[in-house]
Amino acid sequence: MAQEKITLVCSICQARNYQVSVNTQRTTRFTIKKYCPHCQKQTVHQETR
């Protein structure tokens, strides 16, 4: 399976906190709830374009 690295950005403060590898054959944007060290709480992180 082909994987690609994407950067996750916090939906509140727009900080780029994490890099993850995901399947290239997906059809939707990758979103996940993770801890943001800048906001100091769990927020939704989305894939950057």
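Predicted model: local features only at pLDDT ≥ 70, side-chain atom pairs only at ≥ 80, totals over all residues.

Biologist: What makes the pairing of His-45 with the backbone oxygen of Thr-43 a polar contact?

Modeller: A polar atom of the His-45 side chain lies 3.2 Å from that Thr-43 oxygen. The limit is 3.5 Å, so the pair counts.

Biologist: Why is His-45 called buried?

Modeller: Its relative accessibility is 0%, and buried means under 20%, so His-45 qualifies. His-45 sits in strand β4, residues 41-47. Beyond its neighbours within four places in sequence, it touches, among others, Leu-8, Cys-10, Tyr-18, Phe-30 and Lys-34.

Biologist: And why does Ile-6 get the label buried?

Modeller: Ile-6, in strand β1, has a relative accessible area of 5%. That is under the 20% cut-off, so buried again. Its contacts include Tyr-18, Gln-19 and Phe-30. The C-alpha atoms of Ile-6 and Gln-19 are 5.6 Å apart, though 13 residues separate them along the chain.

Biologist: How do you know that the charge of Lys-34 sits over the ring of Tyr-18?

Modeller: The charged end of Lys-34 is 4.5 Å from the ring centre. The distance limit is 6 Å, and the end must also be within 35 degrees of the ring normal; Lys-34 is listed as sitting over the ring, so both conditions hold.

Biologist: How many aromatic pairs are there?

Modeller: The structure has 0.

Terms used
Residues numbered from 1 in each chain as written. Heavy atoms only, no water. Helix = DSSP H or I, 4+ residues; strand = E, 2+ residues; numbered from the N terminus. Buried < 20%, exposed > 50% of the residue type's maximum accessible area, 1.4 Å probe, protein only. Polar contact = N/O pair within 3.5 Å; in protein donor to acceptor, adjacent residues only side chain to side chain. Contact = heavy atoms within 4.5 Å. Phe/Tyr/Trp six-rings, centres within 6.5 Å; stacked < 30°, edge-to-face > 60°.
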